[in-house]
Every structure is written in structure tokens, then in C-alpha cells.
Amino acid sequence: MTILEVSGLSKDFGGVRAVEDLSFGVEAGSIHSIIGPNGAGKTTLFNLVTGLYTPSAGEIRFDGETVTGLKPHELARRGMSRTFQNLQIFFNMTAIENVMVGHHLHLNRDFFAALLRLPAIARGDAACRDLAVELLQLVGLEDYLAAETDSMPYGALKRLEIARALAARPKMLLLDEPAAGLNAVESREIDAVIKKVAETGVTVVLVEHDMKMVMEVSDHILVLDYGRKLAEGSAEEVRQSPDVIAAYLGSPA
Ligand SMILES: Nc1ncnc2c1ncn2[C@@H]1O[C@H](COP(=O)(O)OP(=O)(O)O)[C@@H](O)[C@H]1O
Ligand SMILES: [Mg+2]
């Protein structure tokens, strides 16, 4: 089953066509990576899919319905959740509180309503707390439940963000460079988390520069160049793609 279907998607910024006539599908339950050089349109594509940008042309279907033009909170309600390249952690709260807030932030239409209810949320409804514990275990942070976030290592915070995004119980999780700024050991911890998330049935869409991670975890890879699809397929298919090889040979050494 295809959970995400993008058809003829384009996005113009003035004279720049950041995404051009792009079509692809994401299989439910898979790990689907989007790679390409800087400026290829990866972030723009993420922002289109998650409703931060409105497409100039094209259609996006999610979970069997057309969702083109829906707002981020509407997409969140339908089961889309994401992390951002820059950390979005509440540093005045513990790890578990961050995850519990994620449960409410993503589901609530009104960000400020959720924010004002923080003390009540943090005192907590037991079910929400149980879910948060379960998710912190999933990302390997069971030793950090009550930890103050400002005392946690950066690699742990990146995994905490994934747990918080999962607290909305998404069908599809979009990860924007989850390994950015991490060392090799921390990156391999993220590999393991991504695989575990997919094993729970959540579809993962990954934008990442760490090729080791992409090649290791991806079921399917989409290669973008100048906003267009250059190649797609398995890691091996993408490596052997004549278009990818030509683009590589044509690029400055
Ligand atoms: N908000 C924006 N306004 C104008 N141009 C943008 C904007 N966002 C991206 N672009 C341009 O669109 C192209 C694709 O950018 P981006 O999606 O950030 O690529 P990537 O994430 O693959 O590095 C680039 O040429 C970039 O300068
Ligand atoms: Mg980018």
C-alpha cells in the first residue's frame, strides 16, 4: 500500500524552481530516504509534504486522501509527524515531560492552548506517561526519564526529539537530518532507532547527508538534483544508476 503519493509537484520561489514536476510514492511501513546535493530541493519537499509550504502545482495524497494545501496541524491530526533539523526541545523540562508534551502539541490545533496546559499535562494523565516511557525505551533513553534536558548529551536529545514526534502516534514520521552534528557512534544509535520505529509499523521518510546511514537503513531512496528526480530505487540500484554516476562525474572533485 502506498501511504504517500506525490504527483507533478512543483514549488517556485520567485524565479527559482526549487521542486519541479516531481512524482513518487512511499510504501507504507518502509524507510524511504530523500538525498541529493545542497540546494536539490529536499527541505522544500519536506515543507511541502508537511504543509508548511503550498505547492505551485501538483497533488499530495496521504493515507488515501488528497491533502494538498492542508495546514501542518491538519496533517498532524491525520497522522504525519516530523522533526526539524534544529533541535526543538523544551530545556526547562525533563525528558519525559518533553515527550508527554509532544503527545498534546501535535494533536492540538492550538499551539498556545497546549502550551498553557503544560502544568496539567506534566502532572499527567497516566496513559500519556506510560506512552512516554514506552517511547523513551524505544529510542534507548530509558535511563533519562527524569533527566533535565539541559544536562543531556546532544545525541540523546536528537533521539528525544524522535520520541516526542512519535508521541503524536503518527502513521508517518519525517526526519530532517537526524544525524546532523552527531559523531559516528551517535549516528549508529540513530540508525538503530530508525529501524525500530519502522518495525512498529510507522513509515519513515528520511532526509540525511550521512550516506552510511542512508545506505544502511533505507528500503527505497529517491535522489533529487535541481528539484527533479534523478534516480530512485534500492541502495544498490541508486549506486549503479547511470544518471547518478554521470552527475557525480560531472560534479567538481
Ligand atoms: N524560502 C525560500 N525562498 C527562496 N528560495 C528558496 C527558499 N527555500 C529554498 N529556496 C531555494 O530552493 C532551492 C532548493 O533549496 P532546499 O529545498 O533548501 O534544498 P536542500 O534542502 O536540498 O539543500 C535552492 O535553490 C534554495 O535557494
Ligand atoms: Mg536542506
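The protein chain is divided into domain 1 (1–70 + 171–253) and domain 2 (88–170), with bounds that come from an automatic or database domain assignment. The model is a predicted one, in which local features need pLDDT of at least 70 and side-chain atom pairs count only at pLDDT 80 or more, whereas totals for chains, interfaces and linings use all residues. Residues are numbered from 1 along each chain as its sequence is written, and side-chain values use heavy atoms, with hydrogens and water left out.

The centres of the two domains, taken over C-alpha atoms, lie 26 Å apart, and 17 residues of domain 1 are in contact with twelve residues of domain 2 (contact meaning heavy atoms within 4.5 Å). The area buried between domain 1 and domain 2 is about 1200 Å², with 73% of it given by carbon and sulfur atoms; buried area is the accessible area (1.4 Å probe) that two parts lose on being put together, summed over both. Of the area that domain 1 buries against domain 2, Leu173, Val193 and Lys196 supply 32%, more than any other three residues.

One salt bridge is found across the interface, where this term denotes a side-chain nitrogen of Lys or Arg within 4 Å of a carboxyl oxygen of Asp or Glu. The side chains of Arg159 and Glu189 meet in a salt bridge, at 3.1 Å from N to O. On the side of domain 1 that touches domain 2, β7 (172–176) and α8 (184–199) each supply at least two residues, and the largest share, six residues, comes from α8 (helices, H or I, of at least four residues and strands, E, of at least two are DSSP runs, numbered from the N terminus).

Note on methods:
Chains are lettered from A and ligands numbered from 1 in the order in which they are written.
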